Amino acid sequence: MMLDKVYEPQRFEPRWAQWWVEQGLFRASVEAPGPVFSLVIPPPNVTGSLHIGHMLEHTEIDVTVRWHRMRGYNTLWLPGTDHAGIATQMLVERALAEEGLDRRKLGREAFLERVWAWKERYGDTIKRQMIRLGASCDWSRERFTLDPGLSRAVRETFVRLYEKGLIYRGEYMVNWCPRCQTALSDLEVVHDETPGNLWYIRYPVIGMDRFLVVATTRPETMLGDTAVAVNPADERYRDLHGKRVLLPLMNREIPVIVDELARPDFATGVVKVTPFHDPNDFEAGRRHNLPKIQVIGETGAMTAEAGPYAGLDRFEARRRVVADLEQLGLLEKIEPYTVSLGKCQRCKTPVEPLVSIQWFVRTKPLAEPAIRVVEEGRIRFIPENWTKTYFEWMYNIRDWCISRQLWWGHRIPAFYCADCGHTTVARQDPQACASCGSPRLEQDPDVLDTWFSSALWPFSTLGWPDDTPDLRKFYPTSLLITGFDILFFWVARMIMMGLECVGDVPFREVYIHGLVRDAERQKMSKTRGNVIDPLEVTEKYGTDAVRMSLLLGAAPGTDIVLTEERMLSARAFANKIWNAARFLFLHMERCGVQPWLPPVNAPRRPEPAAPDGSAWLEDRWMFSRLNRVTDAANRAIARYRYHELAQLLWQFFWHEFCDWYVEIKKLRFRENSGLNADWRNLLTIFEAGLRLLHPAMPFITEELWQRLAANQSERPVSIALAPYPQYDAAGDDPEAERQMELVQEIVVAARNLRTTLQLDPRQTLDAVLYSPDLAADLAESHREIIERLAGIRLEIQREGRPTPGPAVRSTPEFDLLLRIPAAQSDAQRRRLEKEIQRLEKLVASSQAQLDNEEFLRRAPAEVVASLREKLADYKAQLAKNREALAALSQ
């Protein structure tokens, strides 16, 4: 049973992580009894490795999943990864470029073979990491969004929506990434507030000696203007309704149209209309039947339609256009203006609004029932404030562009006939055109947006569209835990697709967690250099310590601040538990106690162990505290208050079990006593505490529990399958808690006096307790505990009170006087006087430096700040020493 002297989690964590998987402990079964708790993982991209945000999410999921499993639920946590279309294709293309190749040289089939080879080589990285970090997933059900079963579900969904008129192909304004060479949905575009300009350009009015001045943030797009617009209510331009203007640089006549697109309160009130390169202009162009001229191509270079600017990069064309306008006297002025610049979320390239033929999902009909189920409470968001955010987006939802100009992904199941132009959308690849019978069919080259397959994840992973036992048993899932950043990308779309395809919600509750931030509350990013690698910190501090660090800050609705100090503290907490277990195991051997687990249905009250046949006060207190902590722990996990779980378990183990209960129990140990009532009470508390802690810190609890369970035949194979402690009202003992708190107050009062007076902690001192009632009774009956823990010889006085002074601590229940021997008092006084002199010199020296203006002017800021911190520390030490000296003098 002996434990290593030093807590080194790296020595046992990998072993348990692998053993859990090998034993199949987390495998769910449709035949298993009990209520069902199911949850699907937000699938990480197959391209990457876990970051600290993943570890937060997986820790919160794992706590909840382990808790349900230990409570007898038939529990499924289904893992898997996403094929991550753009991200994966970019990585493989980058590798090809290093070989002097590109995907077009290889061809589609050869390129996809390379991507699959890359996935086979690197795709298991996240799985290995999750296993190492203790995720209690059912790995027998692991899924990948391009698995054959999931691909079939994607195709079935596409065809069904197409047949219902909810998927269509059309010309529409899309966000185009010139770097990734694909359309992006609105959610895949991030907007940065960027300094820019408003260029005021003069458009000559045909037949009049007059200009219309138009303000624009993108002068290069004027080359594709097909109109200028004025507002119908703007009296300044009423005489120009129906007139025409000459487009500068292109010398093309274009009409003046009347449209609400123009706002009288913005700039001059006149706007240029470029239907091919602006979503608002595109809609205005539709209203007025305007032609669309593409002057910027898919690579970001100017097209032949741009005339003399053809071939230029779009930003170089902007510079040339502005210079030419200025030379012609057609640039009236330039004003600074902040623009909301849309960038590709993946590569950060400024996106280009382009008109393109794409596939879309008609989302309004899907959004309406998705709104209704949240209004009716069939899905609940935690924290509640996310409900409002969800509604705001859903009420203003736009059609979803689902086609991507990529090769890696689910290819769109649409086939075009070369002879009659008919489009066939089918569940199986057709051999002939459904309209004319021609065999000359060509499949659409595009693939579906990655989020399309992800939207089916809760049910496609369970076997849909087939009516499988897994689907019947585990759908709808119970819970989704995810980040707010994919609330619309993923959560809303899963709700829409679950209702449409399966006829029921995909989950009952959605818990939205915050971001992990650094010590300065900054978002972690590679550019800031503040990224924390979970594998590095778990190797350094232990997985349990990092999990506990994350949980301590995981209050609902807040971001998590993760610091080295917090992880060091959490490691110290794990070390405290380890050392307590080592101490217990060592004394079990000395007392002749074999490994022992209490019965599953052990009573929630302690066994009598005192000579008079009663239970010791510390046992009654500890059993009552365990019962209350059990109640609080269950409620905290049920309400996703992970920070409360971590805090109360920390308090229970460190400050109640280790600092008090074990310290008192040391006094009860007797050599060769065997497994007596004292040991049974102690081990019952310790074993139940390990089970309470297991969901949060699975590794250390498994390691220690297995030591207690050694050679026990009637027990679960793992603590992960042992029952989670449950509250029992009969186990509360408020009287024992009140009495124990009073004993603790007496001990703490003596310890605080010793600290204040800076007395030798090893020397036993005389003390007098003044109390007429309960405190005196408790001190009398628990004299040995108080004297041993406080390092005092206690005298009890039931009458009178001491003279107030620094050597006295007073509470409503008692007064405690510490008697200091004269010899020790004199020696301590001399030591304090010497220390005060030293500190006074340091304070004077530091203050002199800080009063020196030359020093302040020349010294680096961090040196000055450090000196100020030292001065504050010297002053605090000086005050404490002066207080102690004053106490001794009195």
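Buried means under 20% relative accessible area, exposed means over 50%, and partly exposed is in between (1.4 Å probe, protein chains only). This is a predicted model, where local features need pLDDT of at least 70, side-chain atom pairs count only at pLDDT 80 or more, and totals for chains, interfaces and linings use all residues. Residues are numbered from 1 along each chain as its sequence is written, and side-chain values use heavy atoms, with hydrogens and water left out.

**Exercise 1. Find the salt bridge of Arg141 and classify both partners.**

Step 1. Apply the rule: a side-chain nitrogen of Lys or Arg lies within 4 Å of a carboxyl oxygen of Asp or Glu.
Step 2. Arg141 and Asp470 pass, with N to O at 2.9 Å.
Step 3. Arg141 sits in the loop between α6 and β4 (143-144), and Asp470 in helix α14. They are 329 residues apart, so the pair links distant parts of the chain. Helices here are DSSP runs of H or I with at least four residues; strands are runs of E with at least two; both are numbered from the N terminus.
Step 4. Classify. Arg141 has 10% relative accessibility, so it counts as buried. Asp470 is buried too, at 15%.

**Exercise 2. Compare two further bridges: Glu13 with Arg132, and Asp678 with Lys665.**

Step 1. Glu13 and Arg132 meet at 3.1 Å, N to O.
Step 2. Glu13 is in helix α1 (residues 13-22) and Arg132 in helix α6 (residues 125-132), 119 residues apart. Both are buried.
Step 3. Asp678 and Lys665 meet at 2.8 Å, N to O.
Step 4. Asp678 lies in helix α21 (residues 677-693) and Lys665 in helix α20 (residues 642-665), so the pair ties together parts 13 residues apart in sequence.
Step 5. Asp678 has a relative accessible area of 12% and is buried. Lys665 is buried at 1%.
Step 6. Arg218, Glu220, Arg314, Arg318 and Glu352 are linked in a network of them.

**Exercise 3. Locate the cis peptide bonds at Pro383 and Pro476, and the positive phi values of Gln181 and Leu249.**

Step 1. The bond from Ile382 to Pro383 is cis, with omega near 0°. Pro383 is in the loop between β15 (380-382) and α11 (385-395).
Step 2. The bond from Tyr475 to Pro476 is cis, with omega near -5°. Pro476 is in the loop between α14 (469-474) and β22 (477-483).
Step 3. Gln181 is not a glycine, yet its phi is near 60°. Its loop runs between β5 (167-177) and β6 (182-184).
Step 4. Leu249 has phi near 75°. It lies in the loop between β10 (244-247) and β11 (252-258). At 18% relative accessibility, Leu249 counts as buried.
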